[in-house]
Amino acid sequence: MTSEALLSARGLRVVIDGLHILHGVDLDVAPTGVTALLGRNGAGKTTTVKAVMGLVPRTGDIRFAGRDVGRLPTHAVVRQGIGYAPEDRGVFAGLTVAENLRLAERDADPAYPFVYELFPELRSRGRQLAGTLSGGQQQMLAIGRTLLNANRLIVADEPTKGLAPKIVAEVADVLARVAERVPVLLVEQNLALVRRVAGTCTVLADGRTAHQGDAAELLADEEAARRLLGVGGGHPVAASSIATAAPAVAAASAATATATATKEAP
Amino acid sequence: MATVVLLACTGLGLGALYFLIASGLSLIFGLMDVLNLAHGALLSVGAYATWWGAAQAGLNYWLALAFGTAFGTVAAVVLELVLIRPLYTRPRDQILATVGVGLAVPALLMGIWGGDARPFPQPESLAGTVHIAGAAVPVNRFVLIGAAALVLVALRLFLARTRYGLIVRAGVEDRAMVTALGVDVRKAFTLVFAIGGAAAALGGGLAALYFGSVNPGQGANLLIFAFVVVVMGGMGSVAGAAAAAVAVGLVQQFANYYTADGLGDLAVVALLAVLVLARPRELTGRLA
């Protein structure tokens with residue numbers, strides 16, 4: 001897309017146990033703001049992120065800040081300056097909150113003041129076992145871990161998944177604040193949140209890149225949004241409605257209602 | 001009463017030996033998902049190196065034990081770097097490789113020093129007995145128990161207080177996520193192998209004292225019970241391994257004495273079966 005993309009992947013392929021999960025994903029992450037990675041369930045969003053991180057065996061070109069990282073092991077990819085908050089949060093349940101943070105320290109001078117300012121609870125609950133935190137608190141911890149180091153990119157995989165509406169709004173606020181400092185690659189199903197924070201987006205379908213472009217433009221295009229994401233793009237919504245919109249936008253279109261009903265049918 | 005005390009002390013001594021093997025085995029499996037079937041061989045290396053130091057080189061027992069432990073540690077590091085590390089993506093080959101080492105080392109020892117047990121020179125200072133409640137308990141039992149207790153405390157401190165201990169505890173839970181925080185977990189692998197090898201080799205040197213001899217099959221025999229301890233205590237759990245080692249040692253001693261000889265060994269396996277059936281979910285991936 002843009003020649004000066006911070007992270008760009010070309011022809012990313014992933015085969016696990018003989019199953020082709022990704023057939024050639026192209027991805028560009030903008031050097032500023034939030035880039036959303038969208039697509040229906042099973043389109044390959046999480047696998048794409050894991051491939052970038054080197055958590056699954058992958059082929060294809062991956063360049064980060066001008067450097068080829070496609071063959072680096074996970075820890076070396078991370079040390080290029082990528083903070084990763086995985087889909088399941090990846091919090092260590094048997095360690096305390098403070099130990100979870102300490103484990104993530106890479107820089108000589110970790111940014112505890114910033115992390116504690118964003119998430120005061122991480123300080124007050126420092127001695128609590130992370131496994132006893134609520135889902136929202138665990139997500140704060142997962143994001144907090146990525147902010148300890150002077151990362152050049154934050155990768156957040158469905159940070160609002162399974163969270164209560166009020167917490168979703170908090171996470172959205174945090175993401176917006178974080179994106180002012182450091183670019184974010186955001187995997188998200190909550191399109192209202194995407195509309196609020198994302199600048200550009202990449203849409204995956206069946207393990208391939210189906211669309212790349214401006215996020216607001218895509219979501220404003222009812223037809224394209226339905227075709228690519230299986231939902232109506234809906235109308236621009238206020239930030240406050242983000243909370244109630246998960247997983248799809250609350251556009252009261254027949255398509256949305258049908259999709260939801262189909263999804264929830266036993 | 002005297003018999004009970006003697007059996008208890010002997011059982012605890014045996015449990016101490018099991019713990020020294022099982023703690024490393026458990027950490028290695030918990031962190032690395034490597035079933036190190038060569039762990040008994042590391043014990044044998046430690047036993048023979050200690051025996052060589054004491055009987056051939058004329059060192060006093062403690063120096064010989066230190067030499068044996070150091071030798072076993074180096075052997076464990078070499079094993080990890082040369083054989084285990086290249087096979088991380090091939091777990092099946094890894095198991096075969098450790099089985100191979102587990103068979104080759106005893107064969108090598110047999111080739112050099114013969115298949116018969118070699119008497120281990122008992123140091124004067126540890127030859128006596130201690131009288132407790134009318135029982136004359138050999139001093140070496142307490143050496144074993146004390147050594148295992150020290151290793152337990154040291155391991156707990158290592159896990160609780162150090163950066164690598166933190167990495168190991170987190171890695172037992174979710175190794176991939178540890179690497180995704182930018183940690184090169186392979187260094188922790190080598191370290192855990194070194195620690196496990198040191199504990200097993202120390203166990204070997206102490207086993208030589210306990211049994212009064214060394215033989216090539218010792219490591220493999222003890223490894224079986226160590227596996228029972230690991231499964232009972234929970235993979236990756238040092239405290240669990242300690243509790244299970246005590247239970248296995250005591251059950252084995254008492255059952256062997258009060259029923260038929262050999263039934264105690266069977267009782268240990270029965271105990272394992274009962275525990276696995278009673279709480280199958282508790283047995284994997286927990287660390288205390």
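Where chain B meets chain A, 15 residues come from chain B and 19 residues from chain A; two residues are in contact here if their C-beta atoms, placed from the backbone, lie within 7 Å. This is a predicted model, in which local features need pLDDT of at least 70 and side-chain atom pairs count only at pLDDT 80 or more, while totals for chains, interfaces and linings use all residues. Residues are numbered from 1 along each chain as its sequence is written, with chains lettered from A and ligands numbered from 1 in the order in which they are written.

**The chain B side of the contact**
- Sorted by class, the chain B side has 9 nonpolar, 2 polar and 4 charged residues. Ala, Val, Leu, Ile, Met, Phe, Trp, Tyr, Cys and Pro count as nonpolar, Asp, Glu, Lys and Arg as charged, and the others, Gly among them, as polar.

- Helix α3 of chain A (residues 97-104) packs against α6(B) at an angle of about 105 degrees, and their axes are 10 Å apart. Axes are lines fitted to C-alpha atoms, for helices over the stretch in contact, and angles run from 0 to 180 degrees between N-to-C directions.
- That makes α3(A) and α6(B) roughly perpendicular to each other; angles under 35 degrees count as roughly parallel, over 145 as roughly antiparallel, 65 to 115 as roughly perpendicular and the rest as oblique.
- From α3(A) come Glu99(A), Arg102(A) and Leu103(A), which meet Leu166(B), Ile167(B) and Ala170(B) of α6(B). This helix pair brings 4 nonpolar, no polar and 2 charged residues to its contact.

**A look at chain A**
- Chain A has 12 helices and 10 strands.
- Of its 266 residues, 48% count as buried; buried means 20 or more other C-beta atoms within 10 Å of a residue's own, exposed means 12 or fewer, and partly exposed is in between, with C-beta atoms placed from the backbone.
- Helix α7(A) has the buried residues Val168(A), Ala169(A), Val171(A), Ala172(A), Leu175(A) and Val178(A).
- Glu158(A) has a positive phi of about 45 degrees although it is not a glycine. Glu158(A) sits in the loop between β7 (153-157) and α7 of chain A, and is buried, with 23 other C-beta atoms within 10 Å.

**Spots to find in chain B**
- Ala47(B) belongs to helix α2 (residues 39-56) of chain B and counts as buried, with 32 C-beta neighbours inside 10 Å.
- Leaving aside neighbours within four places in sequence, the contacts of Ala47(B) include Gly68(B), Gly204(B) and Val214(B).
- Ala47(B) and Ser213(B) are 166 residues apart along the chain, with their C-alpha atoms separated by 9.2 Å.
- Gln94(B), in helix α4 (residues 91-113) of chain B, is buried too, with 22 C-beta neighbours inside 10 Å. Beyond four places in sequence, Gln94(B) is in contact with Val34(B), Ile84(B) and Leu87(B).
- Ala133(B) lies in the loop between β2 (129-132) and β3 (135-138) of chain B. Ala133(B) is exposed, with 11 other C-beta atoms within 10 Å, and has a positive phi of about 50 degrees without being a glycine.

Terms used
Helix = DSSP H or I, 4+ residues; strand = E, 2+ residues; numbered from the N terminus.
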